[in-house]
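Thanks for making the time. I will go through one model this morning, from the overall build to a few local points.

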Amino acid sequence: MHVLNYIIWNGSPEVVTIGPLTLRWYGMLFALGFLISQQILYYMFKQEGKPTRDVDTLTIYMVVATIVGARLGHIFFYQPEILWTDPLGVFPPFEFSPEFRFTGLQGLASHGAAIGILIGLWLYSRKNKPGQNYLQTLDRIVILVALTGALIRFGNFFNSEILGTPTTSPTGIVFINRVTQALSGDSVDPNNIVEKITVQPNPNGEQFEDGRVPIKIMILFKPGISEQRAQIYMRSNVKNTLYYLSEFVSEPMDGALNYNTIKDEATNQVYGHALTQGIARHPAQLYEAITCVLLAIFLFSIWVRYKANLPEGRIFGYFMVILWSLRFAYEFLKINQVSFEDSLPINMGQILSIPLILVGVVVLIRSYRTKPTVNA
């Protein structure tokens, strides 16, 4: 028996479904980030003697700036063709083609969110509130941006998106929930003959240096489904689905699927077992989420030390340099989002991170050269 060094992730991206509406982990964590941030802002404003009524206004600026900036950033940086192919789909969380349906928040870019936040807080700071000029506001907000960013990355993990590159590391994760969802979905299983699908490591298979690992997909068919019908589903529907979901599994189109079926006469149910290869990948979403939490703690500790006497730009400068340097490094562990990035020396995420790092360096140098103003 082999020692298998990988983890299978088959968690659902959905929290609960009520009628036509579905609450997804991504959307819930996204909203939770703003709710937690608002409460922390109340605390910070109270500690610094600032009017807490401004927190509600600042929260609105943040929510709008983040969503609009993130969505437009994704459109401009990765999918500009949407502007002329599906202009109605730029902002609403709905899909109008081929049919109307609620999709939730999709296609958001963190670099676009950063630009949106910078613009939104500049508009907020124009009100000239005491102790809330542009840099002072940024210093406080980026602590919360780091925390919210961590929650959003956890949401990406539940969605099995922003995939990492293949790895043989023990931290490698086989994202398989897209596969199990597809196999039990209406397009693959229109007659609704599948009752349950589970996936587990195959201890008798071979693990390869390119990240391919042995897995066993177990399908329980509903009572009364014949073994012949189950076999047709296995060798046709399952085989085709595994081939087309090549981001998550490595199942070649040529050759027959390695499967077997067993009928339990007592329950009149057929069990199907398919042996294939998953692709263990770096959990890049978790890497970013964990480091964002640590970054938020580090930045908050700086605020605790100075509070109202914080040198302008100190926290913002650290945030920009650390966050976007980490983002630049993590991009080496991710697959490219769109095909045009394959022809670039570095991908779009890294290209967009460089100017943001430089902004942080300039602001950080300025904060150390400027003598802090001590507030009584």
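The protein chain has 10 helices and 10 strands. Keep in mind throughout that this is a predicted model. Along the principal axes, the C-alpha trace spans about 80 × 45 × 40 Å. The chain has 376 residues, and 44% of them count as buried.

Next, the empty space inside. Rolling a probe the size of a water molecule over the atoms shows where such space is left. How many cavities of 30 Å³ or more does the structure hold? There are three. The largest cavity has a volume of about 80 Å³.

Now to the surface. Val15, Val16, Ile18 and Leu23 form a nonpolar patch there, and together they have about 320 Å² of accessible area. Where does the largest share of the patch come from? Strand β2, residues 14–18, supplies three residues. Ile18 is found in that strand, β2. Ile18 has a relative accessible area of 62%, and the cut-off for exposed is over 50%, so Ile18 counts as exposed.

Last, two backbone points. Ser160 has a positive phi of about 55°, although it is not a glycine. You will find Ser160 in the loop between α5 and β6, the latter being residues 173–175. Is Ser160 buried or exposed? Its relative accessibility is 2%, and buried means under 20%, so Ser160 counts as buried despite its place in a loop.

Asn268 also has a positive phi, about 60° in this case, and it is not a glycine either. Asn268 sits in the loop between β9, residues 258–264, and β10, residues 269–281. With a relative accessible area of 33%, Asn268 lies between the 20% and 50% limits and is therefore partly exposed.

Note on methods: Residues are numbered from 1 along each chain as its sequence is written. This is a predicted model: local features need pLDDT of at least 70, side-chain atom pairs count only at pLDDT 80 or more; totals for chains, interfaces and linings use all residues. Side-chain values use heavy atoms; hydrogens and water are left out. On a 1 Å grid over the protein atoms alone, a cavity is a set of points where a 1.4 Å probe fits but cannot get out, and a pocket is an open set with protein on both sides within 12 Å along at least five of seven lines; lining residues have an atom within 4 Å of a point. Grid points are joined across faces, edges and corners, and a volume is the space filled by probe spheres set on the points. Patches are made of residues with over 30% relative accessible area and no salt bridge: like charges are joined within 9 Å, nonpolar side chains (Val, Leu, Ile, Met, Phe, Trp, Tyr) within 5 Å. Accessible areas come from the Shrake-Rupley method with a 1.4 Å probe; for residues, only the protein chains shown count as cover. A salt bridge is a side-chain nitrogen of Lys or Arg within 4 Å of a carboxyl oxygen of Asp or Glu. Helices (H or I, at least four residues) and strands (E, at least two) are DSSP runs, numbered from the N terminus. Buried means under 20% relative accessible area, exposed over 50%, partly exposed in between (1.4 Å probe, protein chains only).
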